[in-house]
Amino acid sequence: MLRWIVWRDLMLAWRRRADMLSTVFFFVIVVSLFPLGIGPETQLLRTIAPGVVWVAALLASMLSLGRLFANDYQDGTLEQLLLTPQPLFLVVLGKTLAHWIVAEVPLVLVAPLVGVQFDLSRETLWILFASLLIGTPVLSLIGSVGAALTLGLRGGGVLISILVLPLYIPALIFGSGAVEASIMGATPAPHLYLLGAFAIVTLLFSPWAAASALRISLE
Amino acid sequence: MFYPIAGKMIPWFAIPATILFAAGMFVGFFIAPADYQQGEAYRIIFIHVPAAWMGMLLYVLMAFYAGIGWAFNARLSSMMASALAITGAMFTLISLVTGAFWGKPTWGTWWVWDARMTSTLILMFLYIGFISLQASIDDPRRADRAGAVLALVGVINIPIIYFSVQWWNTLHQGATIRLLQKPTIRGSMLAALLIMLAACWLYSVAVVLTRLRCIILEREQNASRFAEVGV
Amino acid sequence: MNWPDLSMGGYGFYIWGSYLFSLIAIVWELVSLSQRRRALTQHKEQSDSVPASVLRGSANETTS
């Protein structure tokens, strides 16, 4: 069942490939705005790179969260899924996994390219990649709770952002901290471990919270 | 039934609150001496610290009542959570602003990213999220339950967020000196602090009960309006 | 007991500023709460003055 959900969401997303690309484009554009706003001095850019790339990833994720449940909600599929004997949290987990593959993995892959703009060393680019690889599932998981809570509401993307961005802060701190450690020559390991621990904690409670939120939103 | 009882209780909290506020200010300004390091500037803590504590306490209470309301389908409990939110947010705001006012004379800048102020700021965001979510949902039951999920997720995350902010702060400690050093606490200072805390607590009870009564009335009126129209 | 020096050793602006802000915030909360109450009790009086049966009666006319 889980595999079917993931597969179905991936197929649907493929039909709307443009959405996937637009998330990546947004990410790249936002990251490029910072040097334009701050100045091209290399040392400065290297210092701000971890934070900038991570914040851009957060914002790009926010944009894609609206789609997580909205499409199925509109055509009635979501209500059908609620009625299946399968536990709802599995459904949520499946959709979240699909969201991660479609919306976040492209970001993770593109990030090292973007990191080159900030004159990061090869080792740091690897750490950037790793931090986002571990951290982006958190974005999808916590985001799913926000998307479920705001299903069908007028506030739209801004409301999801208000709810979810504060909850992302630990991931932001550990993720960008890892990259920053690498830039300064220290070991990024403790940051990555903490990020991983946070990801596991999130994995344990998010699907269940999002499933409850879905039921609440659909009643 | 709760409505009239709450109504009678309110003055029992409101009047002592006012008295204690006055008492706290008196002890804080007339009895407690100036601090050795910070001089008179430290006197801001008499409002800053109680406000900060109330902000955090009320959030936990809000999450508790929301959770109970959701788990046991207890409407009054959920309404209590909604009533707590604005007061909690207000105290958090006071804590942030007075913190800034304390920071400027003691180390020169209006805002400093130390662990405590940053965590308070994030708490403010969590309050804003809860209030915004409930404001966007028309159906009161959905608003109650959605708020409960959000508040519970928030409460679970608060220790994690606090830890990560501490972590972040110690990493970047190099440039900044230890900030917001607490003045050496003398007896009279502690007394003033506790009196003010009690005053804030009593004030909160009075205000939250008043708001709760408003919420009860509002829901009744909305329900009867629908009944009249035959919905 | 010592009479405090009102300028608070030069920190007067910050100390009185903080307390003033806090006072304003509290007053705002109290005022908005009382406005909310007043709006509700007015509405309650209005709908109480019209007997419920009359309201229900008119609703029946429109739906049937």
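A residue is called buried here if 20 or more other C-beta atoms lie within 10 Å of its own, exposed if 12 or fewer, and partly exposed in between, with C-beta atoms placed from the backbone. This is a predicted model, so local features need pLDDT of at least 70 and side-chain atom pairs count only at pLDDT 80 or more, while totals for chains, interfaces and linings use all residues. Residues are numbered from 1 along each chain as its sequence is written, and chains are lettered from A and ligands numbered from 1 in the order in which they are written.

View 1. Going along the sequence, the pattern reads α-α-α-α-α-α-α-α; helices (H or I, at least four residues) and strands (E, at least two) are DSSP runs, numbered from the N terminus. Of the 219 residues in chain A, 49% come out as buried. The C-alpha atoms sit in a box of roughly 55 × 30 × 30 Å along the principal axes. A compact globule of 219 residues would have a radius of gyration near 17 Å, so the 18 Å of chain A agrees. That radius is taken over C-alpha atoms, and the globule rule is 2.2 Å times the number of residues to the power 0.38.

**View 2. Helix α5 of chain A, residues 88–116.** Look for a kink of about 40° at E104(A), shortly before the proline P106(A). The bend is the angle between axes fitted to the seven residues ending at a residue and the seven starting there.

**View 3. The side of chain B that touches chain A.** Here 23 residues of chain B are in contact (C-beta atoms, placed from the backbone, within 7 Å) with 23 residues of chain A. The elements giving two or more residues to this side of chain B are α4 (115–136) and α5 (140–171), and α5(B) has the largest share, 14 residues.

**View 4. S132(B), a residue of helix α4 of chain B.** With 16 C-beta neighbours inside 10 Å, S132(B) counts as partly exposed. Setting aside neighbours within four places in sequence, S132(B) is in contact with G155(A), L159(A) and I162(A). S77(B) is 55 residues away along the chain, and its C-alpha atom is 19 Å from that of S132(B).

How values were computed. Two residues are in contact if their C-beta atoms, placed from the backbone, lie within 7 Å. The expected span of a helix is 1.5 Å times one less than its number of residues.
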